[in-house]
Amino acid sequence: MMIRTIKEFDEITNINKDGLPLFLYGAGSAGQRSLSILNNMKIPVEDFCVSEQQNNPKQIMGKKIIEFKDIKAKYEKFAVLIAVGEANKNDIVAEVKKQPCGVEILFSIDDLCGYFYKTECMKIEEIKPLLADEKSYEILQEYVRYREAISYEELFALSRPIQDQYFDNEVIQMSENETFVDAGVFDGKTTLEFARLVKNNYNAVLLFEPDTKSYRISKKTLEASGKKRCYIFDEGLFSEKKIVRFTNTGDGGSRIDMQGESIDEIKVVALDDKIKEIECIKEVTFIKMDIEGSEAEALIGAKEILKKDKPKLAVCLYHKWEDIYDIPKLVKSIRPDYKIYIRHYNDPEMLKCGHSFWEAFWLDIIMYAI
């Protein structure tokens with residue numbers, strides 16, 4: 001086996017000079033960024049590979065996600081580029097090293113962190129003028145350092161408890177007679193927390209949860225709570241009304257799978273259109289979105305509401321790598337007078353359950369628009 005570490009960005013041009021089938025080990029954010037770079041440099045990649053398929057989609061960015069053992073069974077020789085975070089790197093490198101000498105070449109992308117960090121910092125500088133306070137800027141800087149596996153201590157110092165997410169009183173204030181949209185309901189507890197914070201003095205709550213199991217659980221939760229004027233729909237929010245493929249996991253990780261091979265299908269709707277169907281809703285005052293990567297599309301589908309009502313927004317930015325840059329730009333393009341705040345949340349309790357620091361602090365980064 002030949003093990004070669006990439007230390008300079010220019011070395012990527014010769015990453016596979018022998019022309020072997022090249023696979024990216026890891027289909028997460030690091031793998032997806034690596035594929036984008038290789039695509040731009042016209043370096044062909046066969047597919048992504050993972051240790052176990054589990055709940056991964058079948059396909060992403062036009063590439064299949066297959067198990068490493070299946071590659072070994074099909075190819076006598078192939079190249080692997082390790083593209084994972086710090087928490088999983090050593091185990092994966094050890095797994096690949098177990099293979100017989102000469103079967104494949106192992107590349108490591110670890111030393112490209114510096115290059116990625118520089119390019120990400122340039123993007124942060126571009127959106128800095130859109131941010132309402134210095135803390136938002138600092139959080140984005142440290143969040144990038146964290147997800148590049150450089151450090152987490154500074155981000156931890158800026159983070160707030162996970163219990164404050166979506167309704168952080170440092171940046172958001174609620175009032176009576178809110179009309180709240182809860183997109184990505186999971187178990188219904190976010191709506192119950194909203195109702196508690198406004199002391200049940202709200203106009204209405206609209207909940208959107210397309211996952212079959214989560215929809216049932218949430219509906220039971222709401223019924224048991226006795227909350228009034230809560231309307232739950234087994235639909236997803238998107239930019240338009242259509243039928244899409246969907247990974248129906250029931251564990252909070254369900255997501256639209258536009259390019260994959262999921263057998264489940266759901267109906268998605270634009271919030272602008274849905275609101276017109278509900279006569280009792282005249283204005284939307286607060287929208288929360290945690291919808292596993294479909295946030296940007298859903299915001300596009302709510303353009304009219306954002307322009308007319310200027311609702312408060314609490315939108316997750318961590319499901320897609322580019323969302324921390326693209327979603328603030330999108331919101332400001334729709335309504336320039338929004339004030340944008342970024343906040344990060346962590347859960348130290350995860351450490352007590354055996355999770356690493358990297359896992360405990362890889363939690364929600366939220367954009368608030370006020």
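Student: Before we start, what counts as exposed or buried here?

Tutor: Exposed means over 50% relative accessible area, and buried means under 20%. Keep in mind that this is a predicted model.

Student: Okay, α8. Which residues on the face turned away from its buried side are exposed?

Tutor: Lys-220, Glu-223 and Ala-224.

Student: And which ones in α8 are buried?

Tutor: Ser-214, Tyr-215, Ser-218 and Leu-222. Down the axis of α8, the buried residues fall within an arc of 100 degrees, so they line one face of the helix.

Student: What covers them?

Tutor: The cover includes α7 (189–197), β10 (202–208) and β11 (230–233).

Student: How many residues does α8 have, and how far does it reach?

Tutor: It has 14 residues, 212–225. First C-alpha to last is 20 Å, close to the 20 Å expected.

Student: What happens at its start?

Tutor: A side-chain oxygen of Asp-211 comes to within 3.2 Å of the backbone nitrogen of Lys-213.

Student: And what follows α8?

Tutor: Gly-226, with a positive phi near 75 degrees.

Student: Switching to the sheet. What's the strand order?

Tutor: β8-β18-β19-β17-β16-β9-β10-β11. The sheet is open, with eight strands and mixed pairing.

Student: Which strands are at the edges?

Tutor: β8 (160–161) and β11, each pairing on one side only. α8 packs on the sheet, touching β10 and β11, and its direction makes about 170 degrees with that of β11.

Student: How do β17 and β19 pair, parallel or antiparallel?

Tutor: Antiparallel, over four bridges. Val-315 has Met-367 in β19 as its bridge partner.

Student: Which helix lies across those two?

Tutor: α12 (323–334) lies across β17, β18 and β19. It runs at about 10 degrees to β19.

Methods. Residues are numbered from 1 along each chain as its sequence is written. This is a predicted model: local features need pLDDT of at least 70, side-chain atom pairs count only at pLDDT 80 or more; totals for chains, interfaces and linings use all residues. Side-chain values use heavy atoms; hydrogens and water are left out. The expected span of a helix is 1.5 Å times one less than its number of residues. Buried means under 20% relative accessible area, exposed over 50%, partly exposed in between (1.4 Å probe, protein chains only). The arc is that of the directions from the helix axis to the C-beta atoms. Contact means heavy atoms within 4.5 Å. A polar contact is a pair of N or O atoms within 3.5 Å; within protein, one must be able to donate a hydrogen and the other to accept it, and residues adjacent in sequence count only if both atoms are side-chain atoms. Two strands pair if DSSP finds at least two bridges between them. Axes are lines fitted to C-alpha atoms, for helices over the stretch in contact, and angles run from 0 to 180 degrees between N-to-C directions.
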